[in-house]
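This report describes selected local features of a single protein model. Please have the sequence and the coordinates at hand while reading.

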Amino acid sequence: MSLDFSRLRIGQGYDSHALVEGIPFFIGGVQVESQFGAKGHSDGDCLLHALTDSLLGALAQGDIGQWFPDNDEQYKGISSRLLLERVLGSDRLPKFSICNVDITLFLDRPKIAPHSKAISRNLLNLLSLQEGQLNLKAKTWEGLSGKKDLIAASVTTLLVLD
Ligand code: MG
């Protein structure tokens, strides 16, 4: 079977949130033990927000803020996993299969390495992917001033329309 390149779509998503003390930290749908959590209208899961935006980008369907406005009370404190699941299950989208997802996180704390397997496993599950179709990397801000209270995520997703 040959691949129809005209059906390939690539999408890019970026998100950032402030890290503040004393709130739960959700990243990639996993709650990680941490003194600092990401502040947001939802649960602040910037990885899932960037991932959702990469899918919407690939499908030319706008962005997560248009789908779920952050001034809408119904999304206050909502699990970002639910938002992603709503997008994945939406009949507004054409049918597609994900080829692969590449993720880079930027944060100084907490350390992601001890949690990266659990996060990857959760994302594979959420997206119904196999190992080898998703890669998770984490970088620090390399001492850039003013960045230590910031988390950011960049996600690239390649998919093929059915
Ligand atoms: Mg966000």
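Against which helices do the buried residues of H3 pack?

## Basis of the model

This is a predicted model, in which local features need pLDDT of at least 70 and side-chain atom pairs count only at pLDDT 80 or more, whereas totals for chains, interfaces and linings use all residues. Residues are numbered from 1 along each chain as its sequence is written, and side-chain values use heavy atoms, with hydrogens and water left out.

## Packing of helix H3

The buried residues of H3 pack against helix H1 (46-58), helix H2 (64-67) and helix H4 (116-127), where contact means heavy atoms within 4.5 Å. Helices (H or I, at least four residues) and strands (E, at least two) are DSSP runs, numbered from the N terminus.

The buried residues of H3 are Ser80, Leu83, Leu84 and Val87. They lie on the same side of H3, because they cover an arc of only 95 degrees around the axis, the arc being that of the directions from the helix axis to the C-beta atoms. An α-helix has 3.6 residues a turn, so residues three or four places apart point the same way. Buried means under 20% relative accessible area, exposed over 50%, and partly exposed in between (1.4 Å probe, protein chains only).

## The magnesium site

The magnesium ion is coordinated at 2.1 to 2.2 Å by Asp15 through OD, His17 through NE2 and His49 through ND1, and along the chain these donors follow the spacing D-x1-H-x31-H. Donors are N, O and S atoms within 2.8 Å of the metal (3.2 Å for Na, K and Ca); since water is not among the atoms, sites may look incomplete. Aspartate 15 counts as buried because its relative accessibility is 17%, and histidine 17 counts as buried at 12%.

## Aromatic pairs and charges over rings

The structure holds three aromatic pairs. Rings of Phe, Tyr and Trp (its six-membered ring) pair if their centres lie within 6.5 Å, and planes under 30 degrees apart count as stacked, over 60 as edge-to-face and the rest as tilted. Phenylalanine 68 and tyrosine 75 form an edge-to-face pair, 5.3 Å centre to centre with 80 degrees between the planes; both residues are buried, and together with Trp67 they form one aromatic cluster. The charged end of arginine 92 sits over the ring of tryptophan 67, 3.9 Å from its centre, a charge being so described if NZ of Lys or CZ of Arg is within 6 Å of the ring centre and within 35 degrees of the ring normal.

Phenylalanine 106 and tryptophan 141 form a stacked pair, at 5.5 Å centre to centre and 25 degrees between the planes. This pair links distant parts of the chain, 35 residues apart, with phenylalanine 106 in strand E5 and tryptophan 141 in the loop between strand E6 (134-139) and strand E7 (150-161). Tryptophan 141 is buried, with a relative accessible area of 11%, whereas phenylalanine 106 is partly exposed at 21%. Lysine 147 lies over the face of tryptophan 141, at 4.8 Å from the ring centre.

## Backbone geometry in the loops

Most residues other than glycine have a negative phi, and most peptide bonds are trans. Alanine 60, in the loop between H1 and H2, has a positive phi of about 55 degrees although it is not a glycine, and it counts as exposed at 68% relative accessibility. Serine 128, in the loop between H4 and E6, likewise has a positive phi of about 55 degrees and is exposed, with a relative accessible area of 63%. The peptide bond from arginine 109 to proline 110 is cis, with omega near -5 degrees, and proline 110 is placed in the loop between E5 and H4.
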